[in-house]
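Biologist: Can you walk me through the helices here? Let's take the structure as it comes up.

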Amino acid sequence: MTDTPHPFELLSGDGRSPVILHVPHSAREIPDAVRAGIVLGDEELERELDHITDAHTARIAEAAAELAGVMPWRFVNRLSRLVVDPERFPDEREEMLAAGMGAVYTRTTHGGALRTGDVDAAPLVERYFEPYARAMTRAVADRLEAAGRAVIIDVHSYPSRRLPYELHGEGARPPVCLGTDSFHTPPALLGAAREAFGETELDTPFGGAYVPLEFYGKRPEVSALMVEIRRDTYMTEPGGPAGPGLERLAAALAGLVDAVSR
């Protein structure tokens, strides 16, 4: 755990690139002040982090950026999603509230208590969620200004076996799940992803794609796709080391970046 002063980082790419690789769930770091509000013991917390963290996805994005012909930008969350989840709605619009996993989680992946039920989420939302959202909004606005468009590619991973918190986990669990949005995921982006990754399914077991609210449903120049990689294809589950699949997936992601950068 840490009191890191940098909760997120925008890593520069080529000025011509419209692409932002967004990596929201790869970190395990939890500031000490936030850790104090989590009711799990240290060993329990480490096990929860094994299950909830999209391990090594920052490495996949970094390797892909280095391989790409036109280097994309990267926006990387440096704190665990157990601090706040920057991709959730911070209010009643969020369906994961039903599982205790809104912007501020109160339940674990297996349904146990993570925080007390009467936790006040507002200070965490103000301290961590809102600055993240503003910074991501600026990053997208900068790509719009520089390139005339922005392409957000969310880099995630998910477990090979369904965890209890999943609301829609009964469907297929392909090597790569592509999460889409009816407004922000154009056919060309989806086609490029299918070609890059090979065996894929759409919106199963997870769906949707992240777009900052300022642009959501308003700016078609902002396109978005969520790439959910099944963890057994590149690492030892639940929280173990990466394997040779990481390089293959990074190359596929670089291929997608190149295809949508043209």
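Modeller: One definition to begin: the expected span of a helix is 1.5 Å times one less than its number of residues. Keep in mind that this is a predicted model.

Biologist: What span should helix α4 have, and how far apart are its end C-alpha atoms?

Modeller: Helix α4 covers residues 122-147, so its 26 residues should span 38 Å. The end C-alpha atoms are 36 Å apart, which agrees.

Biologist: Where does the kink in α4 lie?

Modeller: At Phe 129, shortly before the proline Pro 131. The kink is about 35 degrees.

Biologist: Is Phe 129 buried or exposed?

Modeller: Phe 129 is buried. Other buried residues of α4 include Tyr 128, Tyr 132, Met 136 and Arg 143.

Biologist: What do the buried residues of α4 pack against?

Modeller: The strands β1, β2, β3, β4 and β7, plus helix α1.

Biologist: And which residue just after α4 takes a positive phi?

Modeller: Gly 148, with a phi of about 80 degrees.

Biologist: New topic. At what angle do α5 and α6 pack?

Modeller: About 150 degrees, with the axes 8 Å apart. Angles over 145 degrees count as roughly antiparallel, so α5 and α6 are roughly antiparallel to each other. Their crossing is right-handed.

Biologist: Which residues meet there?

Modeller: From α5, Leu 189, Ala 192 and Phe 197 are among them. From α6, they include Leu 249, Gly 255 and Val 260.

Biologist: How do α3 and α6 cross?

Modeller: At roughly 55 degrees, with axes that come within 8 Å. The contact includes Arg 59 and Leu 67 of α3, and Leu 246 and Leu 249 of α6. The crossing of α3 and α6 is right-handed.

Conventions:
Residues numbered from 1 in each chain as written. Predicted model: local features only at pLDDT ≥ 70, side-chain atom pairs only at ≥ 80, totals over all residues. Heavy atoms only, no water. Helix = DSSP H or I, 4+ residues; strand = E, 2+ residues; numbered from the N terminus. Bend = angle between axes of the 7 residues up to and from the residue. Buried < 20%, exposed > 50% of the residue type's maximum accessible area, 1.4 Å probe, protein only. Contact = heavy atoms within 4.5 Å. Axes fitted to C-alpha atoms, helices over the stretch in contact; angles between N-to-C directions. Parallel < 35°, antiparallel > 145°, perpendicular 65-115°, else oblique. Left-handed = near helix turned anticlockwise from the far one by under 90°.
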